[in-house]
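User: Here is a structure I would like to go through. Please take my questions one at a time.

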Amino acid sequence: MNFAENLKKLRKDFRYTQKDLAEKLKLNQSNISDWENGISRPDYENLIKLADIFDVSIDELLGRE
């Protein structure tokens, strides 16, 4: 699984909407949508925050094994 797919799956597993996740990261919902659709990727600081929110490693979040 790639980053976009992982993010969407984790978000749904935690029952967060894109808006919920955006609020936790202090971003716009469009940022989350862009990440989930593979249009863009988060910067390093937001990758760390996402990994913390979902209690996964950055490698796991990025789809690396």
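Predicted model: local features only at pLDDT ≥ 70, side-chain atom pairs only at ≥ 80, totals over all residues.

Analyst: Residues are numbered from 1 along each chain as its sequence is written, and side-chain values use heavy atoms, with hydrogens and water left out.

User: How many aromatic pairs does the structure hold?

Analyst: Rings of Phe, Tyr and Trp (its six-membered ring) pair if their centres lie within 6.5 Å; planes under 30 degrees apart count as stacked, over 60 as edge-to-face and the rest as tilted. The number of such pairs here is 3.

User: Which kind of pair do Phe-14 and Phe-54 form?

Analyst: The ring centres of Phe-14 and Phe-54 are 5.1 Å apart. Their planes make an angle of 70°. That makes the pair edge-to-face.

User: How many residues apart in sequence are the parts that this pair ties together?

Analyst: Helices (H or I, at least four residues) and strands (E, at least two) are DSSP runs, numbered from the N terminus. Phe-14 lies in the loop between helix H1 (3-13) and helix H2 (18-25), and Phe-54 in helix H4 (residues 44-54). The pair therefore links parts whose separation in sequence, in residues, is 40.

User: Is Phe-54 buried or exposed?

Analyst: Buried means under 20% relative accessible area, exposed over 50%, partly exposed in between (1.4 Å probe, protein chains only). Phe-14 is partly exposed at 35%. Phe-54 has a relative accessible area of 2%, so Phe-54 is buried.

User: Which residue has a side-chain oxygen reaching the backbone nitrogen of Ala-4?

Analyst: This contact is at the start of H1. The oxygen comes to within 3.1 Å of that nitrogen. The residue is Asn-2.

User: What is the phi of Lys-26?

Analyst: Most residues other than glycine have a negative phi. Lys-26 lies in the loop between H2 and helix H3 (29-36) and is exposed at 75%. Its phi is positive, near 60°.

User: Where is Asp-55 found, given its positive phi near 55°?

Analyst: Asp-55 counts as exposed, at 69% relative accessibility. Its place is the loop between H4 and helix H5 (58-62).

Note on methods. Polar contact = N/O pair within 3.5 Å; in protein donor to acceptor, adjacent residues only side chain to side chain.
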